[in-house]
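The entries below keep the order in which I went through them.

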Amino acid sequence: FVLAIFPVLYSMTGGIISTTGQMTWLDYFNYSLATFTTIGFAQFQPVTPLAQILTSIQAFLGIGSVAILMYVLGRRISR
């Protein structure tokens, strides 16, 4: 759900720029995926305050999701 909604939000705000030119839907999805997994790509950059806040929220959700996944898998393996 997070990976589906955030590219739409980034596209609506228009606050993400690419060093390679015009942003496409795939670019927004790549940026969203990179933010969610906290990898980060140098070719994309949030330039408006709203885009920066959305990026921070999505990164926080990504880190939290991975933490919950590791907790659940750890409990399941330890049984």
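What follows are my notes, from the whole chain down to single residues.

**Ground rules.** I am working with a predicted model, in which local features need pLDDT of at least 70 and side-chain atom pairs count only at pLDDT 80 or more, while totals for chains, interfaces and linings use all residues. I number residues from 1 along each chain as its sequence is written, and side-chain values use heavy atoms, with hydrogens and water left out.

**Whole chain.** I find three helices and two strands in the protein chain, taking helices (H or I, at least four residues) and strands (E, at least two) as DSSP runs numbered from the N terminus. Read from the N terminus, the order of the elements is α-β-α-β-α. The C-alpha trace spans about 50 × 20 × 20 Å along its principal axes. Of the 79 residues, 27% count as buried, where buried means under 20% relative accessible area, exposed over 50% and partly exposed in between, with a 1.4 Å probe and protein chains only. I also looked up contacts (heavy atoms within 4.5 Å): among those with a separation of 6 or more, 61% come from residues 24 or more positions apart.

**Helix packing.** Two packed helices are described by the angle between their axes and the distance between the axes. For α2 (residues 25-36) and α3 (residues 49-78) I note an angle of about 55° and axes 7 Å apart; the axes are lines fitted to C-alpha atoms, for helices over the stretch in contact, and angles run from 0 to 180 degrees between N-to-C directions. That makes α2 oblique to α3, since angles under 35 degrees count as roughly parallel, over 145 as roughly antiparallel, 65 to 115 as roughly perpendicular and the rest as oblique. On the α2 side I list Y31, S32, T35 and F36, which meet T55, Q58, A59, L61, G62, I63 and S65 in α3. The residues of this contact divide into five nonpolar, six polar and no charged, with Ala, Val, Leu, Ile, Met, Phe, Trp, Tyr, Cys and Pro counted as nonpolar, Asp, Glu, Lys and Arg as charged, and the others, Gly among them, as polar.

**Aromatic rings.** I count three aromatic pairs; rings of Phe, Tyr and Trp (its six-membered ring) pair if their centres lie within 6.5 Å, and planes under 30 degrees apart count as stacked, over 60 as edge-to-face and the rest as tilted. F6 and Y10 form a tilted pair, 6.0 Å centre to centre with 50° between the planes. Because F6 and Y10 are four residues apart in helix α1 (residues 2-13), about one helical turn separates them. F6 is buried at 6% relative accessible area, and Y10 is buried at 0%. The rings of Y31 and F44 have centres 6.1 Å apart and planes at 80°, so I record that pair as edge-to-face. Y31 lies in helix α2 and F44 in strand β2 (residues 44-46), so the pair ties together parts 13 residues apart in sequence. Ring pairs link F6, Y10, Y31 and F44 into a cluster.

**Single residues.** Where does S18 sit? I place S18 in strand β1 (residues 16-18), and at 12% relative accessibility S18 counts as buried. Leaving aside neighbours within four places in sequence, S18 is in contact with M23, Q43 and F44. Last, I noted T38 in the loop between α2 and β2, where T38 has a positive phi of about 55° although it is not a glycine. T38 is partly exposed, at 45% relative accessible area.
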